[in-house]
Amino acid sequence: MRVTLVGTGCGNPGTMTEEVRNAIGSADVIIGAPRLIDAVDEYANPGALKVPEIRPSAILDAIRNMAKKNDEIEEVSICVAYSGDSGFYSGTRSLLPLLEEAGIEAEVMPGISSIQVMASRLMKPWQDWKLVSAHGTDCDPVTEVMSGKEVFFLTGGELGPAELCRKLTDAGLGELKVTVGERLSYDDEKITAGTAAEFADGEFDTLSVMVAEAAERRGNLAPGIDDGEFIRGDVPMTKQIVRAAIISKMSVADTDTVWDVGAGTGSVSVELAMKAAKGRVWAIEREPEGCVLIEENKKKFGVWNLNVVPGSAPDALQDLPAPDRVFIGGSDGNLEEIIDTVLEKNDSALICVSAIVLETMSETVKLMAGRGLDTDIIQVCVNTSREIGDRHMMMAGNPVFIITGQKNV
């Protein structure tokens, strides 16, 4: 029994390789999506059995059943057809391990994929593009375009070009340049260039792909960005050295969901968003001026995964996704309610609180201990130099307590 997994190309028969066409023509059995079986029918053996199926486990069962029915025939040829290229977000990645486990040998033949056709239409090389599937999978286009590369999106299901562009626009990337390719290789193929905002309410064919330019962003700056880099107003801002210590204590992973409660100008939020480059950061701030400053700093540093939430905690926290890490820089007297809200959302979240008075530090430790959190306290005292004539004098800043708590997980 011979089993061959083939990529049938981008859609038009002209994008099918001769190797694949010959494999289909000599197959006794062809398995695949109904659309693909119809597309390759003119090249198939007239007597070939057609099995419409896309689920890997069901395809394996069909192959096994065919083997049982043809024990006396060693040369039964089975062809499993996939769209595009067999190695580009194809079902082969799920079927091959099942075949190997069942002891069934298989051959894989490549096809011409939508990314190759799209790149040729744009007359661009695609080797430096970031390749992303939004077809039936969870995809965050905002974090993808922050990678520093042009992004190719294979779209489909609930995430078509319009939905992807809507997410980009909502994050502040409405001016990002995008190009959509519809029904590539077919006679009614259509290539359209524009911006994310222009396409956010558009209508596109279900057979579409999209290329988005890289979002403008600052490089990965070291923790503790210079205070002068931030756009500032009269809203309080966590200073550079203290901010670096906070970022260090929070140990943010790149996929984390993070809250910054009482975000001020957004200096901590910006650095958290840089650390959680594949995650999301939610900056909660009650002062309108602060919200404006956070938005301005978001744009300046290109941290498009940062979301501004106007309002006071804990009320403003109710509709946010469960956090992995939370920084509380201001609680407006609602510290207990904020901590309880965090733990209700995720009882294993790490909570970090900054305090400049002993009473807040004491209250924080008591609240964390009372909820079973392992607590750690550090005090940061920063002295900075000041010129006095032709000499320098060290000036002491107010000490800041940084308290972190998390259940022992």
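At what angle do helix α12 and helix α13 pack, and how far apart are their axes? Helix α12 (residues 335–345) and helix α13 (residues 358–370) pack at about 35 degrees, with their axes 11 Å apart. The model is predicted, so local features need pLDDT of at least 70 and side-chain atom pairs count only at pLDDT 80 or more, while totals for chains, interfaces and linings use all residues. Residues are numbered from 1 along each chain as its sequence is written, and side-chain values use heavy atoms, with hydrogens and water left out.

**Helix packing**

- Helices are DSSP runs of H or I with at least four residues, and strands are runs of E with at least two, numbered from the N terminus.
- Axes are lines fitted to C-alpha atoms, for helices over the stretch in contact, and angles run from 0 to 180 degrees between N-to-C directions.
- The crossing of α12 past α13 is right-handed (the near helix is turned clockwise from the far one by less than a right angle).
- In this contact (heavy atoms within 4.5 Å), α12 contributes Leu 335, Glu 336 and Ile 339, and α13 contributes Glu 363, Thr 364 and Leu 367.

**Salt bridges**

- A salt bridge is a side-chain nitrogen of Lys or Arg within 4 Å of a carboxyl oxygen of Asp or Glu, and by this rule there are 15 salt bridges.
- Arg 286 and Asp 332 meet through their side chains in a salt bridge of 2.8 Å, N to O.
- Arg 286 is in the loop between β12 (280–285) and α11 (288–301), and Asp 332 is in the loop between β14 (325–328) and α12, so the pair ties together parts 46 residues apart in sequence.
- Salt bridges with shared partners also join Asp 227, Arg 243 and Glu 271 into one network.
- Glu 53 pairs with Arg 55 in a salt bridge whose closest N and O atoms are 3.0 Å apart.
- Glu 53 counts as buried because its relative accessibility is 18%, whereas Arg 55 is exposed at 51% (buried means under 20% relative accessible area, exposed over 50%, and partly exposed in between, with a 1.4 Å probe and protein chains only).

**Surface patch**

- Ile 388, Met 393 and Met 395 form a nonpolar surface patch with about 250 Å² of accessible area together.
- Patches take residues with over 30% relative accessible area and no salt bridge, joining like charges within 9 Å and nonpolar side chains (Val, Leu, Ile, Met, Phe, Trp, Tyr) within 5 Å; accessible areas come from the Shrake-Rupley method with a 1.4 Å probe, and for residues only the protein chains shown count as cover.
- Ile 388 belongs to strand β17 (residues 383–388) and is partly exposed, with 42% relative accessibility.
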